[in-house]
Amino acid sequence: MAETQSGPDRETLLDIYRRAMLIHRSDERFRALLTQGKLAIVYYPVRGQEVVSAAMMAALNQDDYLVTTYRGVADQLAKGIPSKLLWAEFTGRVTGTCKGKGGPMHITHPETGVMVTTGVVGSGLPIANGLGIASQNRGDGKVTVVCFGDGASNIGAFHEAMNMAQLYKLPVIFLCSNNKFGEHTAFAAHTDSESIVSRAAGYGMRGVQCDGNDAVDMYNTAKAAVDRARAGEGPTLIEAMTFRMLGHLFGADFSYVPKEVAEQGVREDPIPRFRQHLLDLQVSESELDAIVAGIEAEIDEAVAFALESPFPEVDELRIDVVKEEIAA
Amino acid sequence: MNAPAEVTEAPVKVAKINFIQGLHQALDEAMAADENVIALGEDIGDAQGGGIFKVTKGLTEKYGTNRIRSTPISEQAIIGAAVGAAIVGLRPVAEIMLMNFVTVAMDQIVNHAAKLRFMSGGQTHVPLVIRTTTGAGVGFGGQHSDMLEAWFAHVPGLKIVMASNPADAKGLLASAIEDDDPVIMIENIKAYGQMGAAPEPGYRVPLGKAAIAREGSDVTIIAYGPAVNDALAVAERLAGDGVSAEVVDLRTIAPFDEATVFASVGKTRRAVVVHEAVKAYGTGAEIASRITEELWDTLKAPVARVGSTYSPVPFSPPLEKAWIYSQDQIAAAVRGTIDRRARG
Ligand SMILES: Cc1ncc(C[n+]2csc(CCOP(=O)(O)OP(=O)(O)O)c2C)c(N)n1
């Protein structure tokens, strides 16, 4: 568990809440449009994991770097990519972050530090090291966070990257969301160690496990890792314990998840828990509702913008392959 | 450069360098000129001997261990780090000790380095150089000798270069480091000691431009890397038989310099492509096909290909010698395009 310290103040907690609810509502809206047939995209739900991303990104600066995965919509929104641009990219529009040429699994938005989104499990970790090397050489004080799942921790790239990051004392945070499943394979069926974080010791790296569904614990853990990285004290492996409350991708089978596990997931749902925590801190219902109302308006606008935006021209195929435009 | 005929030259000794020196000079000059240039690879630091072929020897002392990063044996981590550093403006030169080990790093090269410019809609790009060495004929056997350029040529977004002489090695590497896209530079182990004229500091060979290594009128031999030297030797030999062969040194395998190749073959009307990689499914097939599509009406003979045997590189010396294409095969292929009955 994270070291006990003062923890996030009211303002920070509300900031995390805003980010978490933006993720939560956006995820709901994606699924609603998919259900209604208004969208036809491969979508990886993030329901249940909202607080991990919200608290982690709240601990970063906008110009800190992020590398994430196909299940990255939570990270991308929390890091600050404007909803309009993200929705437009998810729907393949020319107005999207990447002119519609990347798509949901390949989001890049340097203005908010989102440098790479990859669909190849585990491949972001070595790339994060390179961002860390750039910051270390330049002394620019930037921190890089790379997000991945428990399944990714068994990819060779994980081990190569962890070793290299610790060897060079890079300002990189390896954030594993242990949502208990890699696609259909339960944690215990893919890994016989009791945790992912126990592996940090094997590399001489600092490792911290935390409750990724608890905004305070998650933020404190994230903040400590960020502070250390910024101070030149090297990388941290964070294992945020959480749960993916829906199938691996939208519409996918969920029956392989044992009933007790799913029920426990619902009991530990980070969203109502976070709201209750804020109410306990004397934040008013109306203040929280106002935050959500603002988010709804933002999403409405983003959906309309995306669906009304044009698709890219076919000419785009010749552009951005290399610097020089290629022949038709 | 030819001196004007009327000037009587004093016998000056032309400075010579080998490939290793050419590559070293290019790296050294690039690192001196731009602090964003860094190098990563196994054993490349001075404490580790300056690289197994000494290309980076002495550079740690000049540029420090942040810029010359000697790495663990972790090919994915090396290329991944190079990709990450490149997208935020460093210019990494990553070394994969031997080309067969790119297999370990394929994800980073093919899924990331090659595609990030496109997938990001041009917001990021990957100014990365991957230097790697390989080549049959040195007794390394099956897992240390392959020429895998066709794999990479098949992936949009990657550029691939291979030099036939030390000056080009320097000039191509310098251009590759300055290029804004990922470039794979293949170096042939056997050629490392080959001597050649030393270029001036700042020498560049532009990417994507082939060179006419020898002029001729009957047939064009298109090659890259040490195969160019074999092609030149064959051309010399055939000249005695009255065959005038033009030799095109491709220098950049991808993007392919259609203009130079088409102009040459348009003139000679016959073409032979030569490379050390196995002939089947090789880059020669692509080059031959493009020439055929463009110049079908002009050609006097089908475009011929010479490559190595479609088997793993063997160890036993006579087998290895038989595996690799030969000058005799090049000569036979050339003759075959001139007299189709002579096709070997
Ligand atoms: C190298 C690779 N192998 C397999 C896949 C197919 N795949 C996509 S997601 C996934 C599960 C990954 O699980 P985890 O890392 O726990 O992340 P989560 O999906 O739970 O966020 C798999 C096997 C892939 N994308 N890349």
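Trainee: How many bridges join strand S10 to strand S11 in chain B, and do these strands run parallel or antiparallel?

Mentor: Five bridges join S10(B) to S11(B), which spans residues 245-249, and the two strands run parallel. To read such a pairing, pick a residue on one strand and look for its partner on the other; here the bridge partner of Ala223(B) in S11(B) is Asp249(B). Please keep in mind throughout that this is a predicted model.

Trainee: Which way do the residues of S10(B) point, and are they buried or exposed?

Mentor: Look along the strand and sort its residues by direction: Val219(B), Ile221(B) and Ala223(B) point one way, whereas Thr220(B) and Ile222(B) point the other way, and all are buried. Since five of the five residues of S10(B), residues 219-223, are buried, the strand is largely enclosed by the rest of the structure.

Trainee: How should I read the surroundings of the ligand, and how many residues surround it?

Mentor: Begin with the neighbours and then turn to individual atom pairs. There are 15 residues around the ligand, and the closest are Tyr70(A), Arg71(A), Gly119(A), Gly151(A) and Asn179(A). An oxygen atom of the ligand is 2.8 Å from an N or O atom in the side chain of Asn179(A), and an oxygen atom of the ligand is 2.9 Å from an N or O atom in the side chain of Tyr70(A). With Val121(A) the backbone is involved, for a nitrogen atom of the ligand is 3.1 Å from one of its polar backbone atoms. Taken alone the ligand exposes 580 Å², of which the protein buries 71%. The space that the ligand takes is the second largest pocket.

Trainee: What should I look for in the backbone angles, and which peptide bond is cis?

Mentor: Most peptide bonds are trans, and most residues other than glycine have a negative phi, so departures from either pattern deserve a look. The bond joining Ala254(B) and Pro255(B) is cis, with omega about 0 degrees. Pro255(B) has its place in the loop between strand S12 (252-254) and helix H9 (258-268) of chain B.

Trainee: Where is Tyr281(B) found, and what is its phi?

Mentor: Tyr281(B) is found in the loop between strand S13 (271-278) and helix H10 (283-295) of chain B, and its phi is positive, about 60 degrees, although it is not a glycine. Tyr281(B) counts as exposed because its relative accessibility is 71%. In chain A, Asp320(A), which lies in the segment after helix H11 (285-308), has a positive phi near 75 degrees, but Asp320(A) counts as buried because its relative accessibility is 9%.

Trainee: Why does Gly156(A) count as partly exposed?

Mentor: The label follows from where the relative accessibility falls between the two cut-offs, under 20% for buried and over 50% for exposed. Gly156(A) has 38%, and therefore counts as partly exposed. Gly156(A) lies in helix H6 of chain A, residues 156-168.

Definitions and conventions:
Residues are numbered from 1 along each chain as its sequence is written. Chains are lettered from A and ligands numbered from 1 in the order in which they are written. This is a predicted model: local features need pLDDT of at least 70, side-chain atom pairs count only at pLDDT 80 or more; totals for chains, interfaces and linings use all residues. Side-chain values use heavy atoms; hydrogens and water are left out. A residue is near a molecule or strand if one of its heavy atoms lies within 4 Å of it. A polar contact is a pair of N or O atoms within 3.5 Å; within protein, one must be able to donate a hydrogen and the other to accept it, and residues adjacent in sequence count only if both atoms are side-chain atoms. Accessible areas come from the Shrake-Rupley method with a 1.4 Å probe; for residues, only the protein chains shown count as cover. On a 1 Å grid over the protein atoms alone, a cavity is a set of points where a 1.4 Å probe fits but cannot get out, and a pocket is an open set with protein on both sides within 12 Å along at least five of seven lines; lining residues have an atom within 4 Å of a point. A molecule sits in a cavity or pocket if more than half of its atoms lie within 2 Å of its grid points. Helices (H or I, at least four residues) and strands (E, at least two) are DSSP runs, numbered from the N terminus. Buried means under 20% relative accessible area, exposed over 50%, partly exposed in between (1.4 Å probe, protein chains only). Two strands pair if DSSP finds at least two bridges between them.
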